[in-house]
Amino acid sequence: MNNIFAVAGVVVKELYRRKDFYVLFVLTALITLILGSVSFFNDDRIVRYLKDVCLLLIWISSLVIAVTTTARQIPAERESRTIFPLLAKPMGRGEFIVGKFVGCWAACGVALIVFYFFFGVISASREHTLPLGPYFQAIWLHWICLGIIVAMVLLGSIVFAAPSSNATICLIVIVGIMFAGGHLNGVAIGMRGAGGVIVYAIYYLIPHLEWYDVRDLIVHDWGAIDWFICAGATIYGLLYAGFLLGLTWLVFRRKSLAV
Amino acid sequence: MSAVLEIHDLRVEFPNRELGKGKGPKLAVDGLNLRVNSGEVFGFLGPNGAGKTTTMNVLLGFVNATAGSASIFGVNVRQPIARQRIGYLPELTYYYKFLNTEELLRFYARIFRIPRREREKRIDAVLKLVELEESRKRLIKTYSKGMQQRVGLAQALINNPDLLILDEPTSGLDPLGRMKVREIIQRLKQEGKTVFFSSHELGEVETICDRVAILHEGKLRVEGSVADLVKEYQCDLEHAFLKIVGYQPKSRV
């Protein structure tokens with residue numbers, strides 16, 4: 001664990017010393033603040049719409065932070081050759097990968113807390129109420145979802161040569177899953193033969209990221225979802241992230257690092 | 001003398017990326033056998049492309065051997081624990097630019113599980129040794145090449161290693177920088193450390209090495225003490241090296 005946390009610490013340090021992270025961060029916070037403070041005749045539908053837009057913005061920003069941060073981690077280490085003095089020390093490649101994962105995931109978690117804090121403060125100041133349960137579940141499930149995404153992008157960074165191509169492919173896959181993942185079983189029912197089987201297989205194989213999008217709980221002031229469902233989604237997310245990290249390790253463990 | 005580093009029948013092949021049919025894998029190291037004893041300063045020599053860096057990469061676990069085995073302190077080099085007692089300085093030193101020297105050394109010391117109190121003492125000691133105490137809080141990206149090389153040496157020494165693997169430690173340094181690196185190697189030798197290093201500076205090798213191995217086209221050509229080589233070839237190490245790798249001076253037109 002020592003090596004994992006050491007690597008994770010450097011990842012977090014790198015993030016808070018880079019400027020691009022702050023640009024996205026400040027931009028999202030600013031838009032959330034402005035949107036949240038705009039008053040449209042206190043029309044309930046418009047308030048809900050604005051809340052939805054703010055939360056969508058938080059999702060997009062967190063996704064961009066998670067994907068762009070993770071995609072460059074290992075390629076940058078190889079390109080700048082910092083990986084050589086690091087792996088010349090008693091550090092296993094598995095520890096290196098998990099350290100990178102923990103660092104990126106922790107950084108995403110910090111960003112999420114700040115984003116939701118801004119949103120929560122604005123929302124509570126206008127509505128004079130802050131339903132803690134739904135807020136906690138929204139942040140928690142969002143973070144678990146980012147865990148799967150970080151693990152997925154980490155695997156991509158070993159498979160694809162360029163961080164930009166990895167980031168693009170991962171973003172397309174993630175957005176595809178978010179929009180179409182939940183409808184694949186419905187599509188499969190309408191298909192016959194091998195096509196239906198393939199679509200069904202894809203439905204069961206892909207990580208269902210759309211399950212973690214519980215913005216509606218906050219937007220429509222629905223109460224918290226069942227905590228057992230929340231725990232189940234957490235276990236599913238952690239297992240999926242673990243599976244993807246295992247795959248990353250399998251690909252990376254015997255990979256030649258010679259240039 | 002006990003063996004610190006042992007290599008048996010090491011063979012490393014890389015896929016041949018050149019176009020054309022019938023091209024097999026590229027042979028980087030072929031049947032290398034080597035033994036480095038405790039307390040020795042061992043020079044690992046050869047022209048560019050001889051297989052020196054590839055051998056070092058195998059020792060450090062960066063590259064997998066196609067055949068054969070290598071061990072450090074009796075532990076297979078594939079196991080991370082084999083690297084607990086070694087320090088490594090790569091040929092090109094690049095470190096995290098967003099960290100300062102102190103933070104970098106603290107990070108590496110943590111990987112070696114050096115206790116926190118001892119960690120700070122060790123950082124002070126290595127920074128004093130490489131003369132970077134004054135600039136310990138400066139970001140590494142602001143350092144000159146010579147200073148970066150000294151950061152490299154500092155990180156290689158942070159765990160007080162028993163074996164130092166240095167890949168061309170003086171390449172690209174000015175005479176003063178080279179002298180400082182040489183002094184550090186000699187000091188480590190006096191402390192009984194084992195140093196395994198590759199270099200093209202044969203005068204320097206002759207001065208500080210106990211034994212050398214000369215590699216050419218992936219094969220070990222010669223291994224022995226510097227004194228024996230010089231005696232055998234009746235010339236200095238540089239000329240002996242040229243004879244061993246088969247260099248023929250062109251006749252004058």
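A:Ile149 has contacts beyond its sequence neighbours. With residues within four places in sequence set aside, A:Ile149 touches A:Leu63, A:Ala66, A:Val67 and A:Ile174. Contact here requires C-beta atoms, placed from the backbone, within 7 Å.

This is a predicted model: local features need pLDDT of at least 70, side-chain atom pairs count only at pLDDT 80 or more, and totals for chains, interfaces and linings use all residues. Residues are numbered from 1 along each chain as its sequence is written, while chains are lettered from A and ligands numbered from 1 in the order in which they are written.

**The core**

The largest nonpolar core holds 139 residues. A nonpolar core is a set of buried Ala, Val, Leu, Ile, Met, Phe, Trp, Tyr and Cys residues joined through C-beta atoms within 7 Å. Buried means 20 or more other C-beta atoms within 10 Å of the residue's own; exposed means 12 or fewer, and partly exposed lies in between, with C-beta atoms placed from the backbone. Which residues touch the most other members of this core? They are A:Cys108, A:Ile149 and A:Val150. Helix α6 of chain A, residues 132-159, gives the most to this core, with 15 residues.

**The two chains**

Chain A has 11 helices and 0 strands. Helices (H or I, at least four residues) and strands (E, at least two) are DSSP runs, numbered from the N terminus. The radius of gyration of chain A is 20 Å, close to the globule-rule 18 Å for 259 residues, so chain A is as compact as a globular protein of that length. That radius is taken over C-alpha atoms, and the rule is 2.2 Å times the number of residues to the power 0.38.

Chain B has 8 helices and 10 strands. Its radius of gyration is 19 Å, close to the 18 Å given by the rule for 253 residues, so chain B is as compact as a globular protein of that length.

| Chain | C-alpha span along principal axes | Buried residues |
|---|---|---|
| Chain A | about 65 × 55 × 30 Å | 37% of 259 residues |
| Chain B | about 60 × 40 × 40 Å | 44% of 253 residues |

In chain A, 83% of contacts between residues at least 6 apart in sequence join residues at least 24 apart. In chain B, residues 24 or more positions apart make up 67% of the contacts with a separation of 6 or more.

**The interface**

22 residues of chain A contact 25 residues of chain B. On the chain A side, α1 (2-17) and α4 (83-87) are the elements giving two or more residues. The largest share, 7 residues, comes from α1(A).

Definitions and conventions:
Two residues are in contact if their C-beta atoms, placed from the backbone, lie within 7 Å.
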